[in-house]
Number of protein chains: 2
Amino acid sequence: MINQTNVQLGRKRSNIRELFEYGKKRKAEIGEDNVFDFSIGNPSVPAPAEVETALKEIIQTYDPVALHGYTSAQGDFSVRKTLAEYINSRFGTSLNADCLYLTCGAAASLTITLNALLNVGDEVITVAPYFPEYKVFTAHAGGKLVAVESNDGTFQLDLNKVKAALSDKTKAVLINSPNNPSGVVYRESDIKKLAQLLENHYAETGVRVYLISDEPYRELVFDKDTVVPYVMNYYAHSIVCYSYSKSLSLPGERIGYIAVNNQMQEFSEVYAGICGAGRALGFVCAPNLFQQLIGKVYNKTSDISIYKANRDRLYSALTEYGYTVVKPDGAFYLFVKALEADAKTFSERAKKYELLVVAGDDFGCEGYVRISYCVAPDMIERALPAFKALAESYK
Amino acid sequence: MINQTNVQLGRKRSNIRELFEYGKKRKAEIGEDNVFDFSIGNPSVPAPAEVETALKEIIQTYDPVALHGYTSAQGDFSVRKTLAEYINSRFGTSLNADCLYLTCGAAASLTITLNALLNVGDEVITVAPYFPEYKVFTAHAGGKLVAVESNDGTFQLDLNKVKAALSDKTKAVLINSPNNPSGVVYRESDIKKLAQLLENHYAETGVRVYLISDEPYRELVFDKDTVVPYVMNYYAHSIVCYSYSKSLSLPGERIGYIAVNNQMQEFSEVYAGICGAGRALGFVCAPNLFQQLIGKVYNKTSDISIYKANRDRLYSALTEYGYTVVKPDGAFYLFVKALEADAKTFSERAKKYELLVVAGDDFGCEGYVRISYCVAPDMIERALPAFKALAESYK
């Protein structure tokens, strides 16, 4: 008998993938333009022009043996140095190259961090709605994901619920802001309170809880006054898991990093754990060409004005049709209240209008659907009458 | 307390890395040309010209959103189809695209395969000398690596020893041919016997043992009459873990694949387990640009004539000086008998002659040192007097 946990994981497609595959089939049946597919969080905006220019320049000018050769497991030193200095300049931290560990994207950042921290039986608290793979990643690392609800109606942190979930087994709190699927950015005042809560927990119980901040959507915020707090400025025992997948529209190239806050007492132990976990999981090093690329375009972002326009158009139209939606601060998702109690039934009914929206159950939040608006603006225009008709069908 | 297994893994550098770092320091002290560094298995020959051409063409002509976007977790379908057909044309197999799973290189191929197969407490048999990370990868998957000796003096498979190690707990046999560190290619007759042994074991005990073939050095064989047997042709329950790191000199770019033999009865379960393990470990997909690259240059190989010349020069010189060496069929390593019982002491003494050679203990084989000859030919010429003097110091 081989490992049945992984067999089941491989057999059971996520609801998101299931719906996406249905959409492909449906498009073949009734035409590409007649299906309104809001299922997948795949950037629809190309990488900034600087990416192509830099890739060509690197391939043309670098020594190929060095360019395509191994870097150290942590990643190329000079790239890490560049990124550490950039983070310091933006957030006032004092990181150095050896606080960073380059990874094959956000998923790798998370699995490596969780495997570094967790012992069997440890708990990781996260806040619903949350990215469904958190459960898979935590389980593989031997732990248990404990999801707590967010504030009803706002999806902001509910610190009483986090407090109630803390125990002797808690090893980490894992947050994601801007949030997939709600688009909400957690408020600075709540991050401060969260940090205080974890400090108090340590003072009272001696249990150290790490704060893991999963930040693939950090650069995707649409309003000038929206600030995504940098957790390292509020909590010494914090680790940032970053990815360039969304900010540079490079999700298939697998490049990101882990940044460990050097203000934490046991920094060298945590960083060593990360190096060890990366080794045990088989990562070796992040793809070298993309390491070098990031060293050149670390401060660039894809043109997110299309996402902003999509958000504004969808938000105002859906609100007008009678849907309940929290206006997202960032990312490229709307988390919309289903018009009946069971979001899966609602999602099925939406299919009759050729609308593909993902039921929120897998995100730990019943009664909601996720709309990924990283799509072509004209599809949104074509989809609006369907959203309207769907709403009217409930009246 | 965070996970101490991974902390220790992160803290303890491998002997190879340790020696490599020493070499860098020593070169700074006495000059680059005066240190003879044979520590690391990093390809010294550039990628074939077709790699640069194809990379440029892909970046220039592909739609950037698709090129840098997610592929399916298994990898781009058309690339997998191309590779399956190429494997079929070379080895007479009848694989299809859905037998392949593209990975971030050989380490990922191995960790994903081991996590797919193993339950806690399962054993994996390997043959010494073996790549030291096998132990780390097996342990992370919950298993135990059981190393058996090879035939003394030839490093070929000792099937009696493999047979003696088989038990109810055995889930897989893991072989590596051409072998790191011995350079030996396992004989076809022995692969046949190994297959028969595993079939007999199943018939007698009902325990199914998978054969995992780790093949990053497959293309690095130097003599026309050396054939590396393709395990799928001898054993239904076989899985090939492949990487382009050495064949195309792309070790830092992390691209390879797992091929599951579709002749095995429980094929769909094993393939699902691989998909699930890849997901749980956080791999998402192999870097898309390099997937596309491989789809174009799958049948190219770096110029290995330099490795062959290095092998011939070193082999004949060391033999002449009185060293005992098995002539390697492939890869780019020589595994040389130390001139005293303790290889670590020998390796330390070699340092006095500025020769950096790795003690074989970590490879599960005491009394030998590994010489990586993926180096510049002129360094070998400069190193030969040192090898000679070292040998004479023992007379």
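Mentor: Leaving aside residues up to four places away in sequence, Gln74(A) touches Arg80(A), Leu100(A), Tyr101(A), Leu102(A), Tyr271(A) and Cys275(A), where contact means heavy atoms within 4.5 Å. Gln74(A) sits in the loop between helix H4 (64-67) and H5 of chain A; helices (H or I, at least four residues) and strands (E, at least two) are DSSP runs, numbered from the N terminus. Thr154(A), 80 residues from Gln74(A) in sequence, is 38 Å from it in space, C-alpha to C-alpha.

The model is predicted, so that local features need pLDDT of at least 70 and side-chain atom pairs count only at pLDDT 80 or more, while totals for chains, interfaces and linings use all residues. Residues are numbered from 1 along each chain as its sequence is written, chains are lettered from A and ligands numbered from 1 in the order in which they are written, and side-chain values use heavy atoms, with hydrogens and water left out.

Helix H5 (residues 77-91) of chain A crosses helix H11 (residues 288-297) of chain A at roughly 35 degrees, their axes coming within 9 Å; axes are lines fitted to C-alpha atoms, for helices over the stretch in contact, and angles run from 0 to 180 degrees between N-to-C directions. The crossing of H5(A) and H11(A) is left-handed, a term used if the near helix is turned anticlockwise from the far one by less than a right angle, with right-handed used if clockwise. From H5(A), Val79(A), Thr82(A) and Leu83(A) meet Gln291(A), Gln292(A), Ile294(A) and Gly295(A) of H11(A). The residues of this contact are 3 nonpolar, 4 polar and no charged, with Ala, Val, Leu, Ile, Met, Phe, Trp, Tyr, Cys and Pro counted as nonpolar, Asp, Glu, Lys and Arg as charged, and the others, Gly among them, as polar.

In chain B, helix H6 (residues 105-117) and helix H7 (residues 133-140) pack at an angle of about 35 degrees with their axes 9 Å apart, and H6(B) passes H7(B) in a right-handed crossing. Here Ala107(B), Leu110(B), Thr111(B), Leu114(B) and Asn115(B) of H6(B) face Tyr134(B), Phe137(B), Thr138(B) and His140(B) of H7(B) in the contact, which divides into 5 nonpolar, 4 polar and no charged residues.

Some backbone details also deserve attention. Most residues other than glycine have a negative phi, and most peptide bonds are trans. The peptide bond from Asn180(A) to Pro181(A) is cis, with omega near 20 degrees, and Pro181(A) lies in the loop between strand E5 (170-176) and helix H9 (188-205) of chain A. Arg254(A), in the loop between strand E7 (238-243) and strand E8 (256-260) of chain A, has a positive phi, near 60 degrees.

Finally, the two chains together. A rotation of 180 degrees with 0.0 Å of shift along its axis superposes chain B on chain A (RMSD 0.0 Å), by least squares on the C-alpha atoms of residues with pLDDT of at least 70 in both; that is the relation of a two-fold axis. In the interface, 71 residues of chain B are in contact with 71 residues of chain A, and because 100% of the interface residues of chain B are also interface residues in chain A, the copies meet through the same surface. The rule finds 2 salt bridges across this interface, each a side-chain nitrogen of Lys or Arg within 4 Å of a carboxyl oxygen of Asp or Glu. Arg279(B) forms a salt bridge with Glu133(A), with the closest N and O atoms 2.8 Å apart.
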